[in-house]
Amino acid sequence: DKQAKPGNSDGPIREHGWQAAQRAMDEGESFTLSVCGANRGGLLVNWNGLQGFVPASHLTEMPSGNNPRERVEELARHLGESITVRLIEVDPKQSRLVFSERATAAAMAPAAILNSLRPNDVRQGVVTNLTSFGAFVDLGGVEGLIHISELSWDRVRDPGDVLEPGQSVEVSVLGVNPEEGRVALSLKRLRPNPWRGVDSRYQVGQLLDGTVTNVVSFGAFVRIEEGVEGLIHSSELAEGSFFHPRNVVREGDVVRVRVLNVDPAKQRLGLSLRQAHDAKHHEVKG
């Protein structure tokens with residue numbers, strides 16, 4: 001890395017500048033400085049009459065090019081821009097004054113990010129951990145939780161079916177609690193709500209094909225389209241008596257059902273398997 005050089009100040013002023021620099025580093029102060037130069041190693045900045053250096057590895061956006069010429073050209077685009085940095089090395093004997101943009105970002109991240117987040121914001125993050133109840137996402141120093149119910153409009157049994165650790169994701173902010181450092185996130189809110197307009201796509205009496213997703217004691221859930229499931233109540237599964245709905249249908253079965261009721265507000269779709277069996281000549285086209 002290029003060493004920092006003293007500016008054109010005289011001796012006493014320069015000595016005071018180095019003392020101020022040491023104090024600023026010890027106290028963790030941050031500064032917004034203008035970029036006055038660039039080389040293949042990083043950027044040059046002026047601070048209190050001293051010239052400082054920001055290594056490329058300490059920029060929040062490091063240059064992507066490996067070619068030295070391209071690297072310098074990419075760094076030179078920062079000339080005249082302002083960056084917020086923190087001192088990480090002060091060495092008067094070597095005339096070395098090194099700043100870091102990444103150190104400032106890391107120090108400011110938790111409070112700054114929490115205070116900047118607003119409901120409905122869309123942010124980029126990285127999945128850090130999966131649990132039975134959802135996925136944790138790093139937003140750059142602050143972790144938020146995508147509850148399992150917010151992963152997809154479809155039914156999700158295991159967050160691992162939707163995400164994996166290390167995966168980059170775009171998320172929507174549902175809510176922020178700065179006092180507790182909690183951030184609620186959603187993946188599914190970035191996609192259209194499939195229940196919106198569902199009553200215009202499906203009408204009472206219509207025959208539909210769907211896939212059984214879950215069988216419970218009171219009936220079976222059937223996936224009609226992505227994010228839209230309907231319930232076949234046990235009384236609408238078949239004629240006669242049967243011990244359990246699993247005696248009639250199993251998960252993964254593709255079934256033809258008749259629509260009994262549609263309630264977009266409550267996201268409910270009532271279906272009947274029993275009435276669809278003898279309804280071929282009464283079929284309502286979708």
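How do E8 and strand E10 (residues 182–186) pair, in the parallel or the antiparallel sense, and over how many bridges? They pair in the parallel sense, over 2 bridges; the close-ups below start with an overview and come back to this spot.

**Figure 1. The whole chain, as a predicted model.** This is a predicted model, where local features need pLDDT of at least 70, side-chain atom pairs count only at pLDDT 80 or more, and totals for chains, interfaces and linings use all residues. Residues are numbered from 1 along each chain as its sequence is written, and side-chain values use heavy atoms, with hydrogens and water left out. The protein chain carries 5 helices and 15 strands (DSSP runs numbered from the N terminus: helices are H or I with at least four residues, strands are E with at least two). Of its 286 residues, 37% count as buried (under 20% relative accessible area; exposed is over 50%, partly exposed is in between, with a 1.4 Å probe and protein chains only). Take the contacts (heavy atoms within 4.5 Å) between residues at least 6 apart in sequence: 60% of them join residues at least 24 apart.

Figure 2. The pLDDT (the predictor's confidence in each residue, from 0 to 100) averages 86 over the protein chain, and 89% of the residues score at least 70. Where pLDDT is low, the predicted coordinates should not be read in detail.

**Figure 3. The largest nonpolar core, with 20 residues.** A nonpolar core here is a set of buried Ala, Val, Leu, Ile, Met, Phe, Trp, Tyr and Cys residues joined through side-chain atoms within 4.5 Å. Trp-47, Val-54, Leu-87, Leu-97 and Phe-99 touch the most other members. The elements giving two or more residues to this core are helix H1 (11–27) and strands E1 (30–39), E2 (42–47), E3 (50–55), E4 (82–91) and E5 (96–100). Zooming in on Leu-87, its contacts beyond four places in sequence include Ala-21, Ala-24, Met-25 and Phe-31, plus Leu-97, Val-98 and Phe-99. In soluble globular proteins, nonpolar side chains tend to be buried together.

**Figure 4. Strand E8 (residues 143–147) and its two partners, E7 and E10.** Strands count as paired if DSSP finds at least two bridges between them. With strand E7 (residues 134–138), E8 pairs in the antiparallel sense over 5 bridges, and Asp-138 stands opposite Glu-143. The E7–E8 hairpin has 4 residues between the strands, with Gly-140 at a positive phi near 105°. Back to the opening question: E8 and E10 pair in the parallel sense over 2 bridges, and Leu-145 has Ala-184 as its bridge partner in E10. Gly-144 and Ile-146 make up the covered face of E8, while Glu-143, Leu-145 and His-147 are on the uncovered one. In a regular strand the side chains alternate between the two faces of the sheet.

**Figure 5. Asn-214, a buried residue in strand E11 (residues 207–216).** Asn-214 counts as buried because its relative accessibility is 15%. Its side chain makes a polar contact with that of Arg-157, at 2.9 Å (a pair of N or O atoms within 3.5 Å; within protein, one must be able to donate a hydrogen and the other to accept it, and residues adjacent in sequence count only if both atoms are side-chain atoms). Leaving out residues up to four places away in sequence, Asn-214 also touches Arg-155, Gly-219, Ala-220, Phe-221 and Glu-251, among others.

**Figure 6. Glu-236 and Asn-247, in the loop between E13 and E14.** Which is buried and which is exposed? Glu-236 is buried, at 13% relative accessible area, whereas Asn-247 is exposed, at 53%. Beyond four places in sequence, the contacts of Glu-236 include Leu-260, Leu-271 and Arg-274.

**Figure 7. Gly-80, in the loop between helix H2 (68–76) and E4.** Gly-80 is exposed, with a relative accessible area of 57%. Beyond four places in sequence, Gly-80 contacts Ser-34 and Val-35. Gly-80 and Cys-36 are 44 residues apart in sequence, yet 6.3 Å apart in space, C-alpha to C-alpha.
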